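Dear colleague,

I am passing on the structure below for you to look over. My notes on what was found in it follow directly after.

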Amino acid sequence: MTTFTESASTALQLIVSMDTELLTIVGRSLAVSAAACALACSLGLVLGAWLGVARFAGRGAVLTLLNTFLAVPSVVVGLVVYLLLSRTGPLGFLGWLFSFKAMVLAQAVLVLPVVTALTRQTVEDAQNLHGEQLQSLGAGPLLRSLLLAWDERYALLTVLIASFGRAVSEVGAVMIVGGNIDGFTRVMTTAIALETSKGDLPLALGLGLILLGVVLLLNMLIAAVRRWREHQESGVAPNLPLGVSA
């Protein structure tokens, strides 16, 4: 208990004093996850919206494959990306292995099925409610998918936030393709694993507390967006602080 107390105290001191090493790792981790989510969401939102509306032969098999990708371990994704980026791989000419770009690519591949599947479900539910009306007005599958996605934009915003949480808490894939190189590819999750194995518990605990805080903040944002959406749909203005007008 004494060791835990001392480690927790030192970890809080690192956070409060804005330790340079800690902030560098946190900043790199957030940058990697943000870039990965930008790539994954730009493709996943469009693909998921289209899958929610389109009806074609083999759609069931595509959805089964998509749901299978949701359960793929991150280390397997890291291994596949590693093989693609290795010197003998098809993308080896890029020279991205053990770099920031490699970690972004690995996280994007990991997050893409999540964004696509959640978007598909959201848009398909909207399609069941309003799709026939839009179709009767002459809207084709692509236009319907875009209109329904826009109508469900607040729900999709929670998908974006959840995808960032999935990316920032990932460890296996970035460990494999990034190499956990100090000052270059070390992010919060890989640093926690390394520092714990080295016995540097204060730094590991400090990073863990920040990571926990990031995840908590993301969940609070999701709850806030859902509550705001409910107020918008019910036509009731959300509670505002005193002195602030709607």
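The axes of α2 and helix α7 (residues 153–168), taken as lines fitted to C-alpha atoms over the stretch in contact, come within 9 Å and cross at roughly 135 degrees, on a scale that runs from 0 to 180 degrees between N-to-C directions. That makes α2 oblique to α7, since angles under 35 degrees count as roughly parallel, over 145 as roughly antiparallel, 65 to 115 as roughly perpendicular and the rest as oblique. The crossing of α2 and α7 is right-handed, meaning that the near helix is turned clockwise from the far one by less than a right angle.

Please note that this is a predicted model, in which local features need pLDDT of at least 70 and side-chain atom pairs count only at pLDDT 80 or more, while totals for chains, interfaces and linings use all residues. Residues are numbered from 1 along each chain as its sequence is written, and side-chain values use heavy atoms, with hydrogens and water left out.

The chain holds ten helices and zero strands, where helices are DSSP runs of H or I with at least four residues and strands are runs of E with at least two, numbered from the N terminus. Of its 246 residues, 40% are buried, that is, under 20% relative accessible area with a 1.4 Å probe and protein chains only.

Phenylalanine 56, in the loop between α2 and α3 (59–70), counts as partly exposed because its relative accessibility is 31%, which lies between the buried limit and the exposed one of over 50%.

Best regards
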